[in-house]
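Let's take a walk through the aromatic rings of this protein. Have the sequence and the 3D view open as you read.

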Amino acid sequence: MQLSMVVPWGRCFKEYKEIFSLSQADLQVNILGCGDGPASFNAEATAAGAKVISVDPIYCFSANQIESRVNEVSHNIAQQLKENASNYIWSTFQNVEAVVSARLAAMKDFLKDYESGKKEGRYVEASLPLLTFKENQFTLALCSHFLFLYSEHITEEQHIAGVLELCRVIKEVRIYPLVTLDGRPSPYLAPVIEAVTSAGYSAETVAVPYSFQRNATEMLVVKSV
Ligand SMILES: C[S@@+](CC[C@H](N)C(=O)[O-])C[C@H]1O[C@@H](n2cnc3c(N)ncnc32)[C@H](O)[C@@H]1O
């Protein structure tokens with residue numbers, strides 16, 4: 001994998017709590033963060049006593065390499081946010097500068113935790129659709145800003161294989177958002193729901209309290225029945 005092909009951009013624990021409507025009970029179970037990248041979710045949740053393992057292909061890189069790449073992409077992302085400002089709701093963040101500053105702060109918290117977290121096995125290099133975990137090893141999977149969002153880059157088959165692989169190792173999978181980068185409903189939501197229900201899982205879309213990207217109001221929840 002080449003880091004130049006990835007847009008690492010991370011959110012914090014508070015955002016994950018809203019994105020996935022996480023309750024205190026949710027934070028007591030074994031959690032897999034899929035595609036966590038440079039988010040500070042794992043660092044902050046672990047410090048608060050949660051058990052989280054994050055997987056992401058970028059964990060083959062060093063802290064310095066990840067930091068350089070985040071700094072490299074931040075200017076372009078800021079520019080895109082400015083150009084597409086009407087695609088976002090400016091209440092949580094007042095302006096583009098506030099978003100960039102929050103993302104860089106999350107990355108710094110992630111970087112402080114990265115080397116020790118790697119040694120503890122909390123940051124694992126892995127890529128959907130292949131996770132080297134046992135069946136039902138985790139209770140809850142959280143997949144933020146990867147599946148459905150990048151529908152132009154990830155095919156329908158890859159979406160289905162990725163979600164089925166998450167279902168193999170986790171009892172409950174939550175995925176957010178369900179819209180693409182330009183805020184349109186992902187064309188792969190219906191095929192993914194069809195595939196997981198055919199495989200014997202339950203699937204429903206659930207409203208969440210997080211609000212930033214316009215139309216990104218729901219997560220998909222897939223459970224073993
Ligand atoms: C936009 S970032 C989101 C980071 C974090 N989940 C968040 O919401 O703040 C997307 C992440 O997906 C990761 N990713 C790319 N391909 C992946 C794959 N096949 N399996 C798992 N994660 C992948 C990228 O490396 C990147 O860190």
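Is Tyr88 buried or exposed? Tyr88 has a relative accessible area of 15%, so it is buried (buried means under 20% relative accessible area, exposed over 50%, partly exposed in between, with a 1.4 Å probe and protein chains only). Before going on, keep in mind that this is a predicted model, where local features need pLDDT of at least 70, side-chain atom pairs count only at pLDDT 80 or more, and totals for chains, interfaces and linings use all residues. Residues are numbered from 1 along each chain as its sequence is written, and side-chain values use heavy atoms, leaving out hydrogens and water.

Now for the rings. The structure holds 15 aromatic pairs (rings of Phe, Tyr and Trp, the last by its six-membered ring, pair if their centres lie within 6.5 Å; planes under 30 degrees apart count as stacked, over 60 as edge-to-face and the rest as tilted). Take Tyr88 and Phe212: their ring centres are 4.7 Å apart and their planes sit at 35°, so this pair is tilted. Phe212 counts as buried too, at 7% relative accessibility.

Another tilted pair joins Phe110 and Tyr114, at 4.9 Å centre to centre and 40° between the planes. Both residues are buried.

Elsewhere, ring pairs tie Phe13, Tyr16, Phe20 and Phe41 into a cluster. Look at Phe13 in particular: Lys17 lies over the face of its ring, 4.4 Å from the ring centre (a charge sits over a ring if NZ of Lys or CZ of Arg is within 6 Å of the ring centre and within 35 degrees of the ring normal).
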